[in-house]
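Visitor: I would like to walk through this model with you and ask what stands behind the words used for it. Could you show it to me?

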Amino acid sequence: MTRREGPPDEAARDLLGHHGDTTPRALRALGVDPSQVLDLGVNISPFGPSPGVLAAVRAADVRAYPDRGATQAREALGASLGRPADEVLLGNGAAELIWSAVRALVPDGACLLVLGPTFSEAHAAAHACGRRVVEVRAREEDLFEPPLDAWVTALGRERPALVYVCHPNNPTGRALDFLSLTGLVADHPGTTFLVDQAFLSLSERHAESAHRLPPNALVVRSLTKDHALAGLRVAYALGAPALLARVAAQSAPWSVSSLALAAAIATTAPEAEAHLTIVRKRWLAQRRELEGLLTQAGLAHVPSLTVFGLVRVPHADDVRTQLVQRHGFLVRSCTSFGLPGYIRVRASDENARFVEALTRVLAAPSSR
């Protein structure tokens, strides 16, 4: 995988973007053949969807409107989770549910509290609505361990209408223990907690998905990552029916397609759940291997609970560009998270080759 040599520049940084959605056109503009790139910057399952889910998508009837109430999908997901259907809401991806929740639950003059550094969509939605946002960030010197005491202090000071917490967190891979999270939510019944569990099923804490949070929690789960369905855009929220009704009122009708609804139903089949169990086991093993290799190479990194992790680098944007140009590895610069000294890397079956490439890039004079 030979790539064009040379120092990265501003144009390269712009082309590669900030949100893990680099296009083939952008790669070609850098002199990189997209077919030769291994994308470690997005956290979509590299093992693909289960055959049953793909079959359900192919069999979906695209001639009719999708079920506006997503009744069958809500019943199937609810049954698989031990919850009634009226505690389930389907959405056109987790981002749509997050944006709808912010619009519904942060009234004019109220505050959104974001527990960062984290996924930016809640902040972006609040900004678009003209709502005030307060962020309390985990600290680098604590390896981004969630600062529970600081969060409690901010809750008392700001009295936010909505709190966004990503569990496990993107990009750090860290998380509160479940009892602490439950206590945090229960101790603040006047605030709604938007708990983003997009990576919970792909984490060491996956068993927590069977447990309920207090009724002032609105849980969002994505089927994009674990079932490799990014192109379909499908996710669901769990919460009290009255809370879900407020969120649903902010969404456009028929926002979830028939194909996405068919996929959501199929993910509850035993075959799909067995597929996910295998995916989780293999991917988490790869993450443990990646952390071990980084340690052996003397590269500073943040211990993670899920399938990706942070690696400390001098200049994230430059290192990202050099990795893809010289070695064909595309990673996520964390500059957009306010962490210009980190890249986010998902584990893969190319861990050893990636660590070798990163070591070479960091040894180059332009990276120091």
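Guide: Gladly. Let us begin with a term: two strands pair if DSSP finds at least two bridges between them. Please keep in mind that the model is predicted.

Visitor: What makes strand 7 and strand 8 a pair?

Guide: Strand 7 (residues 217-222) and strand 8 share four bridges in the antiparallel sense, and the definition asks for at least two. In one of these bridges Val 219 has Leu 238 of strand 8 as its partner.

Visitor: How do you know that strand 2 and strand 8 pair, and in which sense?

Guide: Four bridges join strand 2 and strand 8, in the antiparallel sense, where at least two would do. Val 88 is bridged to Leu 238 in strand 8, and Leu 90 stands opposite Tyr 236.

Visitor: Which way do the residues of strand 8 point?

Guide: Ala 235 and Ala 237 point one way from strand 8, Tyr 236 and Leu 238 point the other way, and all are buried. Strand 2 can be described in like manner: Val 88 and Leu 90 point one way, Leu 89 and Gly 91 the other way, and all are buried.

Visitor: Which residues of helix 4 are buried, and what do they pack against?

Guide: In helix 4 (residues 71-81) the buried residues are Ala 73, Arg 74, Ala 76, Leu 77 and Gly 78. They pack against strand 2 (88-91), strand 8 (235-238) and helix 10 (258-266). Just after helix 4 comes Gly 82, with a positive phi of about 70°.

Visitor: What is the phi of Arg 159, and why is Arg 159 called exposed?

Guide: Phi of Arg 159 is near 45°, a positive value in a residue other than glycine. Most residues other than glycine have a negative phi. Arg 159 lies in the loop between helix 7 (148-158) and strand 5. Exposed means over 50% relative accessible area, and Arg 159 has 69%, so the word applies.

Visitor: And why is Ala 228 called buried?

Guide: The cut-off for buried is under 20%; Ala 228 has 15% relative accessibility and therefore counts as buried. Ala 228 sits in the loop between strand 7 and strand 8, and its phi is also positive, near 55°.

Visitor: Why are strand 9 and strand 11 said to stand at the edges?

Guide: The sheet is open, with three strands in the order 9-12-11 and antiparallel pairing. Strand 9 (308-312) and strand 11 (332-333) each have a single partner strand, so one side of each has no neighbour in the sheet. Helix 12 packs on this sheet, touching strand 11 and strand 12, and its direction makes about 40° with that of strand 12.

Visitor: What makes strand 9 and strand 12 a pair?

Guide: Strand 9 and strand 12 (residues 342-346) share five bridges in the antiparallel sense, against a requirement of at least two. Phe 308, for example, has Arg 346 in strand 12 as its bridge partner.

Visitor: How do helix 12 and helix 13 pack?

Guide: Helix 12 (residues 316-327) and helix 13 (residues 351-363) pack at about 120°, with axes 10 Å apart, and their crossing is right-handed. Val 319, Gln 322, Leu 323 and His 327 of helix 12 take part in the contact; on helix 13, the residues include Phe 354, Ala 357 and Leu 358. The contact residues divide into seven nonpolar, two polar and two charged.

Visitor: How do you know that Thr 321 is buried, and what does its side chain reach?

Guide: Thr 321, in helix 12, has 0% relative accessibility, so it counts as buried by the cut-off of under 20%. The Thr 321 side chain reaches the backbone oxygen of Asp 317 at 3.0 Å, which falls within the 3.5 Å set for a polar contact.

Definitions and conventions
Residues numbered from 1 in each chain as written. Predicted model: local features only at pLDDT ≥ 70, side-chain atom pairs only at ≥ 80, totals over all residues. Heavy atoms only, no water. Axes fitted to C-alpha atoms, helices over the stretch in contact; angles between N-to-C directions. Helix = DSSP H or I, 4+ residues; strand = E, 2+ residues; numbered from the N terminus. Left-handed = near helix turned anticlockwise from the far one by under 90°. Contact = heavy atoms within 4.5 Å. Nonpolar A, V, L, I, M, F, W, Y, C, P; charged D, E, K, R; others polar. Buried < 20%, exposed > 50% of the residue type's maximum accessible area, 1.4 Å probe, protein only. Polar contact = N/O pair within 3.5 Å; in protein donor to acceptor, adjacent residues only side chain to side chain.
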